[in-house]
Amino acid sequence: MNKRAAICLLGTWFWHQHAWAHSTVSELAELSLEDLLEIRVEDQQASADSKQEQKKWSINFGVYSQRLGGYRSGSSNVSKDYVLVKPGEPRLHTNYPVLATEIEQTVFTASMSYQLSERDTLSLTVPYVRQKTHHMSVVEGYSSFTIDTEGMGDVGMSWRNRFYSDAICQFSAGIGVSLPTGSIDELGDTPRAPGDQQLPYTMQLGSGTYDAKFNLGMSWYFSSWTWVTDAAYVRRLGTNDRDYKLGNRFSVATTWHRTLSDNLKLELGGAYQTSG
């Protein structure tokens, strides 16, 4: 590898208490594209040094993984037996004949970025997704079963521009699009009928639509702290060939960074997200 290329490895793991419907693996893959659209937080001295030898190309590998399990009624945890409808019991909106007991989702991403100028960066992200859902049910022959899907997800492209920068603050904006390269035709054996059928949208590998991504970020440099805030919006463009689309999504995150030493940094932050 020549000196104009850089490789970094990113990994993020999430463990959540599962409450209602789980998010799709394509939404998990969107995290990698949002990472590329985000403003890059750099130490001011390191940023100044980097201007002496700017790298045009960079390659990033990411791993995003989450494991979901458990149910809640309000703020209280409830057992699977509480949620699973029992033989002879009336079917209500609070019990179900089929339950997802554990959901595993992992996305591996490979991203390549090219710096057009000091302010403009183009990026391409290719995700490979893998997911598995374990179930229990009261349907004969399907007391416990597992469905899984694996393959390439939706490829994303983005452009990021740092439109203002001085010694105190910097602002950036990004725009991107994901292409419907991930399959929405995955099949599996479920209690609906013997043999393989179309799996629900949560088990598909992509959104099936062209999705627009927008991002706005800012950072302020203080004497010993850096404050960063990013806002991101995902807009689904039309519906896919199965006549549905995933919900639009908005998120905002803010963090405070403080460098304690050359090898230690303190970070505090919070985030909010809402999706259709």
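Asp243 sits in the loop between S13 and S14, where helices (H or I, at least four residues) and strands (E, at least two) are DSSP runs numbered from the N terminus. Asp243 has a positive phi of about 65° although it is not a glycine. Most residues other than glycine have a negative phi. At 64% relative accessibility, Asp243 counts as exposed; the labels used here are buried for under 20% relative accessible area, exposed for over 50%, and partly exposed in between (1.4 Å probe, protein chains only).

A word on the ground rules: this is a predicted model, in which local features need pLDDT of at least 70 and side-chain atom pairs count only at pLDDT 80 or more, while totals for chains, interfaces and linings use all residues. Residues are numbered from 1 along each chain as its sequence is written, and side-chain values use heavy atoms, with hydrogens and water left out.

Now for the overall picture. The protein chain has three helices and 15 strands. Of its 276 residues, 38% count as buried. The accessible surface of the protein chain comes to about 15,500 Å², and 57% of that belongs to carbon and sulfur atoms; such areas come from the Shrake-Rupley method with a 1.4 Å probe, and for residues only the protein chains shown count as cover. Taking contacts (heavy atoms within 4.5 Å) between residues at least 6 apart in sequence, 65% join residues at least 24 apart.

Next come the charged pairs. With a salt bridge taken as a side-chain nitrogen of Lys or Arg within 4 Å of a carboxyl oxygen of Asp or Glu, the count comes to six. Another salt bridge joins Arg67 and Glu102, whose closest N and O atoms are 3.4 Å apart. Arg67 lies in strand S2 (residues 57–69) and Glu102 in strand S5 (residues 98–115), so the pair ties together parts that are 35 residues apart in sequence. Arg67 counts as partly exposed at 38% relative accessibility, as does Glu102 at 27%. Arg67 and Glu102 also belong, with Glu104, to a network of salt bridges.

Glu150 and Arg130 form a salt bridge as well, their closest N and O atoms being 3.5 Å apart. This pair links distant parts of the chain, with Glu150 in strand S7 (residues 144–152) and Arg130 in strand S6 (residues 120–137), 20 residues apart. Glu150 is partly exposed at 41% relative accessibility, and Arg130 is partly exposed at 40%.

As for the greasy side chains, a nonpolar core here is a set of buried Ala, Val, Leu, Ile, Met, Phe, Trp, Tyr and Cys residues joined through side-chain atoms within 4.5 Å. The largest has seven residues: Leu68, Tyr71, Val83, Leu84, Leu99, Ala100 and Ile103. Strand S5 supplies the largest share of this core, three residues. A second, separate core has six residues, among them Leu28, Tyr64, Val129 and Leu205.

Strand S5 also holds Gln115, which is buried, with a relative accessible area of 18%. A polar atom of the Gln115 side chain lies 3.1 Å from the backbone oxygen of Ser117.

Some nonpolar side chains are found on the surface instead. Leu116, Leu122, Trp159, Ile175, Phe214, Tyr233, Phe250 and Tyr272 form a nonpolar patch there, with about 720 Å² of accessible area together. Patches are made of residues with over 30% relative accessible area and no salt bridge; like charges are joined within 9 Å, and nonpolar side chains (Val, Leu, Ile, Met, Phe, Trp, Tyr) within 5 Å. Phe250, one of the patch residues, lies in strand S14 and counts as partly exposed at 34% relative accessibility.

Thr259 is found in strand S14 too and is partly exposed, with a relative accessible area of 46%. Not counting residues up to four places away in sequence, Thr259 touches Ser224, Leu264 and Lys265. Thr259 and Ser224 are 35 residues apart in sequence, yet their C-alpha atoms are 7.0 Å apart in space.

How values were computed. Polar contact = N/O pair within 3.5 Å; in protein donor to acceptor, adjacent residues only side chain to side chain.
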